[in-house]
Amino acid sequence: MSLVTSKEILQLALAERFAVGAFNANNMEMVQAIIEAAQEERTPVILQVSQGAIRYAGLDYAVGLVKIAADQVDVPVVLHLDHGTSYEQNVLCLRAGFTSLMYDGSKLPYEENVAISKRVCDIAHIVGIPVEAELGRVLKATDGVTPEEVEAAMTGPDQAKEFVERTGADSLAVAVGSVHAMKSRQATLDISRIEAIRQKAGVPLVLHGSSGVKHESVAEAIEHGICKVNVATYLNQAFVRGMREGFERHPDEVDPRKYLSISRENIKEAVREKIRLFRSNDRIDSSGRFKSPPRQYRSIDLGGSEE
Ligand SMILES: [Zn+2]
């Protein structure tokens with residue numbers, strides 16, 4: 001199936017109270033594992049690449065890999081930019097064929113974040129591509145953050161409403177208690193804040209830093225308005241664990257495929273586990289369409305028709 005945008009998928013997720021997994025990929029094996037798990041679980045899926053992944057793999061390789069992967073399956077696949085920190089990066093990805101963008105101005109003063117987020121939305125919306133923006137700051141575990149700092153960086157519901165109105169953002173990444181790059185699941189989310197932001201802002205909300213959040217807290221957050229959950233660290237851990245297993249099992253092996261195939265299998269199982277946690281599995285029928293969608297979305301073409 002051709003790539004689809006994230007717009008209708010996230011609106012559906014909001015209406016139906018599930019979340020779409022947004023899985024970060026850095027190489028071919030990761031793309032393959034994510035796409036195979038999505039196909040088997042009958043779920044829409046967001047494959048996302050960060051600026052770091054673009055530097056590592058190259059923009060054209062990233063787009064090429066994900067397009068080829070999407071063509072192999074009959075579930076909706078979105079190609080999303082994760083944490084684009086400039087207007088220019090977003091325009092480059094728009095031109096390269098991304099079907100979903102993110103502008104992250106969360107480190108900037110509020111007014112600058114509003115201004116650049118709006119510029120990105122304005123240009124992307126001309127060609128029908130939705131934009132995720134970020135308000136509040138999801139901090140990084142490697143910077144040694146304290147609970148007080150996490151709390152102070154959280155998204156304010158009233159400001160979120162104003163931010164969405166002024167920028168036109170299609171979805172909003174929120175700081176609600178998670179931290180990027182956590183290696184173990186310890187964090188719990190501020191559910192009442194998520195509920196308040198959803199009610200005020202009215203757009204699908206995005207959870208970053210999910211790898212460090214307890215499963216029950218993720219599930220509860222989805223009930224209250226989280227519609228896209230980013231997963232990166234958990235996949236990287238699965239990948240590296242596979243390589244270590246490979247080295248131990250075959251210490252004299254010189255064929256890297258012996259190691260990488262274990263990594264690929266590990267990622268596939270990690271993705272499957274998250275898809276089921278997010279309750280996005282078993283949503284897509286054999287013709288690539290959402291199963292019995294709610295009435296207001298019935299006419300939307302998600303690109304699943306035969307060509
Ligand atoms: Zn993030």
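1. A quick definition before the helices: a crossing is right-handed if the near helix is turned clockwise from the far one by less than a right angle, and left-handed if anticlockwise. Please keep in mind that this is a predicted model.

2. With that in hand, look at helix α11 (residues 233-249) and helix α12 (residues 256-277): their axes come within 7 Å and cross at roughly 145°. The crossing of α11 past α12 is right-handed.

3. Which residues meet there? On the α11 side they include Tyr-234, Leu-235, Ala-238 and Phe-239, and on the α12 side Lys-258, Tyr-259, Ile-262 and Ile-267 are among them. Sorted by class, this contact holds 10 nonpolar, 4 polar and 4 charged residues.

4. Leaving aside residues up to four places away in sequence, Leu-235 touches Phe-23, Asn-24, Met-30, Ile-267 and Ala-270. Leu-235 is also listed among the residues with the most contacts inside the largest nonpolar core, together with Ile-34, Leu-47, Val-77, Leu-101 and Leu-172.

5. That core has 95 residues. Helix α2 (residues 28-41) gives the largest share of the core, 7 residues. As a general point, nonpolar side chains tend to be buried together in soluble globular proteins.

6. Finally, is helix α1 (residues 7-16) mostly covered or mostly open? Mostly covered, with 7 of its 10 residues buried. Lys-7 and Gln-11 are among the buried residues, as are Ile-9 and Leu-10. The cover over these buried residues includes β1 (20-24), β3 (77-82), β6 (171-174) and β8 (226-231). After α1 comes Arg-17, with a positive phi near 60°.

Notes: Residues numbered from 1 in each chain as written. Predicted model: local features only at pLDDT ≥ 70, side-chain atom pairs only at ≥ 80, totals over all residues. Core = buried A, V, L, I, M, F, W, Y, C linked by C-beta atoms within 7 Å. Buried ≥ 20, exposed ≤ 12 C-beta atoms within 10 Å, placed from the backbone. Helix = DSSP H or I, 4+ residues; strand = E, 2+ residues; numbered from the N terminus. Contact = placed C-beta atoms within 7 Å. Axes fitted to C-alpha atoms, helices over the stretch in contact; angles between N-to-C directions. Nonpolar A, V, L, I, M, F, W, Y, C, P; charged D, E, K, R; others polar.
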